[in-house]
Amino acid sequence: MSEMEEQTNPAPQFEELPDAPPKPRLKLSWPGKLGAVLVLFWVVIIFIGPSIAPYYEADILDEELFIVPGGDEYPDTDFQMPSKVAYLGTDYLGRDTLSRILYGARTTIGISFVATMLAYLIGVTLGIAAAVGGGWLDTGLSRINDAFLSIPHIMLGLIVIAAVGSTIPILIGITGFIYATSVFRIARSLGQDVMVSDFVEAAKVRGEGLWWIITREILPNIAMPLATDFGLRFVYIILFISSLSFLGLGVQPPMSDWGSMVKENLAGLLYGSIAPLVPSLAIATLTIAINMIVDDISAHSGGKLAKRMI
Amino acid sequence: MMLQAILRRTGISVATLFVVSILIFVGTSILPGDVAEIILGQMATPESLAALRTKLGIDQPPHIRYFMWLGNLLSGDLGVSKAGSGFGTIGTPISTMISGRLGNTLLLAGVVAMIAIPLSLFLGLLAAMFPGTRLDRTVTFSTLSLISVPEFLVATLLVLVFAVHLGWLPAVAYLSGTESGWQLAKALAIPTLTLVIVASSQIIRMTRATVLNVMSSPYIEMAILKGVPRKRIILRHALFNAIGPIVNVIVLNLAYLISGVVIVETIFAYPGMAKLMIDGVQTRDLPLVQACAMIFCATYIVLIFIADMASILSNPRLRHPK
């Protein structure tokens with residue numbers, strides 16, 4: 001125990017030196033804090049959404065609920081405006097919009113998150129392999145990657161979906177693969193920077209193995225920039241999957257998903273229904289919130305120079 | 001030296017185009033079943049299938065088929081669509097389906113570019129000139145919000161305001177080809193506005209970042225220390241060095257417009273290329289998807305090529321590679 005203390009104690013002394021780099025501390029400005037609150041809100045909804053939803057996602061509401069005294073005996077249930085029965089109105093089939101948003105959070109955010117993880121798994125693994133391996137491995141992987149990057153993402157998605165159709169595993173697989181190309185580029189260039197640093201050189205001279213260098217030197221050093229990029233990539237993937245669903249090529253009914261909810265209810269727009277607007281806003285609150293956090297963190301870690309100069 | 005750099009870039013673009021065509025071909029050919037089965041439908045017998053396959057040339061091995069497809073593509077023959085085919089008839093030629101549609105998409109993209117580029121350069125420079133002020137924060141925050149929302153949110157909001165509540169503009173942009181100029185302008189207004197908003201936000205942010213990046217270079221520091229006024233530093237020193245990267249940003253964003261166009265044409269039922277391609281994907285009309293994808297990807301690669309050219313021409317260091 002005392003040995004451990006002796007080993008950890010010298011650290012604070014270093015930090016007191018005037019030249020010591022400031023301890024990285026995550027301080028968010030107000031947009032960043034607002035973003036964090038919103039993201040937290042949606043994370044909670046993912047877990048408790050279905051249990052607090054007033055109706056089941058596929059339930060078509062009963063006409064009787066909409067009967068007002070002195071009104072129509074058989075009232076319309078589709079594209080209803082917000083009321084006590086349905087707090088956010090109903091959709092084109094007369095289903096409760098709020099319940100569908102609460103259920104859909106799980107689908108939209110869940111699929112996007114898994115796809116982002118997959119993109120990172122493929123991208124980081126291959127990116128680091130290229131950075132560490134170098135030579136023909138690097139050239140080969142980079143050329144293949146460049147070829148995929150020169151096709152617009154949405155085109156790649158459309159081509160594959162045209163060929164094999166759209167199920168949730170295919171959707172996750174293709175999105176993960178498409179975005180792995182961007183992750184690969186970032187992971188590779190970050191990895192290359194670390195590979196030429198003195199401490200990796202020292203580790204090599206010490207005789208450390210490749211695995212040790214990757215896990216102890218490279219990964220910890222590229223983790224922070226990759227984490228920021230993860231946020232951005234997650235936003236792009238949410239937008240990408242929602243766009244595919246919006247085109248009718250993503251999540252298929254009767255599952256509720258925010259992108260397809262916009263598509264289904266687009267006709268309601270002409271009657272001034274808010275049904276297509278609510279899911280779009282749900283996507284927007286989540287993506288703007290993540291971007292505000294990412295923007296805040298990157299503003300703190302870089303770009304300070306330009307601000308100081310002027 | 002410069003010629004060499006340009007030739008090298010041209011070579012890379014042609015090679016990329018070639019690889020992309022292989023990817024598109026492989027991507028759409030991995031499935032069992034072929035055009036012959038679709039055309040013959042339920043009338044298919046093994047003999048008639050074999051005969052039609054020979055006639056269409058799809059009994060050849062994949063690599064021969066690829067070169068036949070590429071050769072036809074280069075000579076302007078885009079193949080036949082699945083649409084209108086079946087019961088022994090061969091479908092509509094894709095070139096007939098695309099002509100007209102291509103013009104519509106180019107019209108939309110052209111109008112968007114003409115409005116979005118000057119607007120976003122102005123706002124981006126303005127934000128970069130007064131960093132940290134309320135103006136800059138407003139521009140930064142609103143563009144950040146706009147790039148993080150889906151295109152269809154912008155489109156639906158605009159329809160709600162201008163078509164439903166105010167009733168000024170039509171909510172769909174279906175063209176019959178007989179509209180007067182004024183009707184055409186009204187039909188194009190909301191789709192154009194949507195794309196302008198989406199594209200400008202990106203260009204504004206990147207223009208601002210590029211100029212601020214140049215602002216942190218040593219010669220600007222020198223100018224600051226010399227006591228040159230800030231406005232003069234930006235307009236005389238920073239802007240000229242930022243032109244290359246800014247042109248790059250503009251062209252790249254025009255390329256990103258492709259995904260925006262796909263969404264916008266779908267929402268407004270606009271008869272353009274992207275809508276045609278989406279319909280192709282929904283009916284799994286692979287020859288049509290192949291042809292459309294090839295046209296979009298070629299446009300994208302040409303735009304990226306132009307962006308690279310712009311940076312080579314504006315940056316002496318890239319003009320004379322070591």
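**Terms and basis of the model**

Helices (H or I, at least four residues) and strands (E, at least two) are DSSP runs, numbered from the N terminus. This is a predicted model, in which local features need pLDDT of at least 70, side-chain atom pairs count only at pLDDT 80 or more, and totals for chains, interfaces and linings use all residues. Residues are numbered from 1 along each chain as its sequence is written, while chains are lettered from A and ligands numbered from 1 in the order in which they are written.

**Overall composition of chain A**

Chain A contains twelve helices and zero strands. Of its 310 residues, 42% count as buried, a residue being buried if 20 or more other C-beta atoms lie within 10 Å of its own, exposed if 12 or fewer, and partly exposed in between, with C-beta atoms placed from the backbone.

Two residues are in contact if their C-beta atoms, placed from the backbone, lie within 7 Å. Among the contacts in chain A with a separation of 6 or more, 69% join residues 24 or more positions apart.

A:L93 lies in the loop between α3 (30–52) and α4 (97–133) of chain A. A:L93 has 16 other C-beta atoms within 10 Å and is therefore partly exposed. Leaving aside neighbours within four places in sequence, A:L93 is in contact with A:I60 and A:D78. A:I60 is 33 residues from A:L93 along the chain, yet their C-alpha atoms are separated by 6.6 Å.

The helix α4(A) has 37 residues, 26 of them buried, so it is largely enclosed by the rest of the structure. Its end C-alpha atoms are 52 Å apart, which agrees with the 54 Å that it should span at 1.5 Å a residue; the expected span is 1.5 Å times one less than the number of residues. At A:G104, α4(A) bends by about 35°, the bend being the angle between axes fitted to the seven residues ending there and the seven starting there. After α4(A) comes A:G134, with a positive phi near 60°.

**A loop residue in chain B**

B:A269 is placed in the loop between α11 (230–267) and α12 (273–282) of chain B. Although B:A269 is not a glycine, its phi is positive, about 50°. B:A269 counts as partly exposed because it has 13 C-beta neighbours inside 10 Å.

**The contact between the chains**

The contact takes 43 residues from chain A and 51 residues from chain B. On the side of chain B that touches chain A, the largest share, eight residues, comes from α13(B).
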